[in-house]
Amino acid sequence: MAVSRALLLLAQALGLAVAEMALLTTDPPWSVIFQGESVTLRCQGPRVHGQQPTAWYHNNKLLEHTKTNTYRIQNARYKENGRYKCQSSGSTSSNSITLSVSYDLLILQVPSHAVFEGELLQMRCRGWKAGSLAAVRYYKDGADITKLYSSAEQLSIPHAKTHHSGRYHCSADMHSYLSLKKRESQHLYVSIKELFTSPVLSVASSTEPLEGSPLNLSCTTQLSPYRPHAVLWYLFYGNSTVLRGPTTSSEYQMPTVGLMDTGFYSCVVRTKSSGVRKWSPQVLITIKRVPVSGVSLEVWPQEGQVMEGQRLVLHCSVAVGTGSISFSWHREGSAEVLGRDRSYEIPSTQQSDNGQYYCMASNGDSPARSLLVKVTVVGASSLFCNSVRALLLLAVLGILLLGVVVVHVLTARSREPKGMELRTLMKASASVVLQERMFEAVPARAPRK
């Protein structure tokens, strides 16, 4: 059965057409009969146009082909003991049935076909040649279960479970000439088959999805190939609350998840009547915040250069990240935390505020850091020195320019007529006067006290 199930799953995974398994049953539906009794075997498979022969096997040897889907055993004898299988056109080989022809006086008749969980399990105690029985008792694994399940003629378990598997037998008082004699049947093992495997809940991507992302759940189980037409229903649970179901779909999607969706998830697979119901193991799903990234820092005044005594403002912003975000401010080379707001302000800057600044942002995970921003505080004495340097530079440039003009005039005078020499000299003199006035127009600033 395990091999056939594996082949079936492989064929489904490859997208191949899967031939249906033939189903072999008996009428009457018992695996044990008395010698001389008759039984009919029936092979049920997919409907095929036209009359197709059915192959019958006894103990893995071809018995014969029949034009119909039935095979009749009459006046059964010991040689009919064994395993039977069939195969119809368009189907794979059927399940096997074991038939036992008994010569005992008392027998326990159990189903010849496989009984699956949730189905009716029946068995009965019979005497040779329909002899009358008294004080009939039924046993499972040596324990008397008569009061739990038996009626006047047979034992019935309406919704069998796998724990009902075990060794069964019966006892009864039988007439022997003029007296009653207690007899016991042979012990028979009855196996209740699993209709479908215990489900497993799986998460499509990760059990730690990010906040705001979708969550895809899948409830996986395998239906027995001997019950291919059984309909299964699915329910999905989150923190003991039904999220979806019952539904025939084994998939469930949550479009977006938040931190409140963190918890234990599971699924249930059951039959329509709920006669069989199985839970999956719980899966812990932890919703994570979107990590903080893209931390940037802005400074006013721009470029980070500010005059001593002026106000400086630094602002931290985040491009990506969910939830509550915390900030902290730092200066390179110092372990001190300068502030914990989104913005950091220095109302009146001093020379001691020079340095490289950065901010850190976190939403509970690893913090992200911005790039460094250099802050330069310019003092009043520095500003005066800079002004003096600028004036001296202008004076030097003026002198150089005057020298160039004089050289040009002297050169031109040697080549031009006297009238032209006078005009050129007047232009040069005017140019020098203009440069001197420009130099005088720049005031000298005294240092601030």
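Reader: How many bridges join strand S4 to S7, and how do the two run?
Author: Strands of a sheet pair through backbone hydrogen bonds, either parallel or antiparallel. Here 4 bridges join strand S4 (residues 39–44) to S7, and the two run antiparallel. Two strands count as paired if DSSP finds at least two bridges between them. Strands are DSSP runs of E with at least two residues, numbered from the N terminus. Threonine 40 stands opposite arginine 72 in S7.

Reader: What are these coordinates, and how are residues numbered?
Author: This is a predicted model: local features need pLDDT of at least 70, side-chain atom pairs count only at pLDDT 80 or more, and totals for chains, interfaces and linings use all residues. Residues are numbered from 1 along each chain as its sequence is written, and side-chain values use heavy atoms, with hydrogens and water left out.

Reader: In what order do the strands of the open sheet stand?
Author: The order is S2-S4-S7, 3 strands with antiparallel pairing. Strands S2 (23–27) and S7 (70–73) stand at the edges; each has a single partner strand, so one side of each lacks a neighbour in the sheet. Neighbouring strands are turned by 20° against each other on average, direction ignored. The axes behind that angle are lines fitted to C-alpha atoms, for helices over the stretch in contact; angles run from 0 to 180 degrees between N-to-C directions.

Reader: How many aromatic pairs does the structure hold?
Author: A pair of aromatic rings is described by the distance of the centres and the angle of the planes. The structure holds 5 such pairs. One of them joins phenylalanine 34 and tryptophan 128, edge-to-face, at 5.5 Å centre to centre and 75° between the planes. Rings of Phe, Tyr and Trp (its six-membered ring) pair with centres within 6.5 Å; planes under 30 degrees apart are stacked, over 60 edge-to-face, the rest tilted. The two residues are 94 apart: phenylalanine 34 in strand S3, tryptophan 128 in the loop between strands S13 and S14.

Reader: Is phenylalanine 34 buried or exposed?
Author: Buried, with a relative accessible area of 2%. Tryptophan 128 is partly exposed, at 29%. Buried means under 20% relative accessible area, exposed over 50%, partly exposed in between (1.4 Å probe, protein chains only).

Reader: Which ring does arginine 369 lie over?
Author: Arginine 369 lies over the face of tyrosine 358, 3.7 Å from the ring centre. The test: NZ of Lys or CZ of Arg within 6 Å of the ring centre and within 35 degrees of the ring normal. The side chain of arginine 369 also makes a polar contact with that of glutamate 332, at 3.0 Å.

Definitions and conventions
A polar contact is a pair of N or O atoms within 3.5 Å; within protein, one must be able to donate a hydrogen and the other to accept it, and residues adjacent in sequence count only if both atoms are side-chain atoms.
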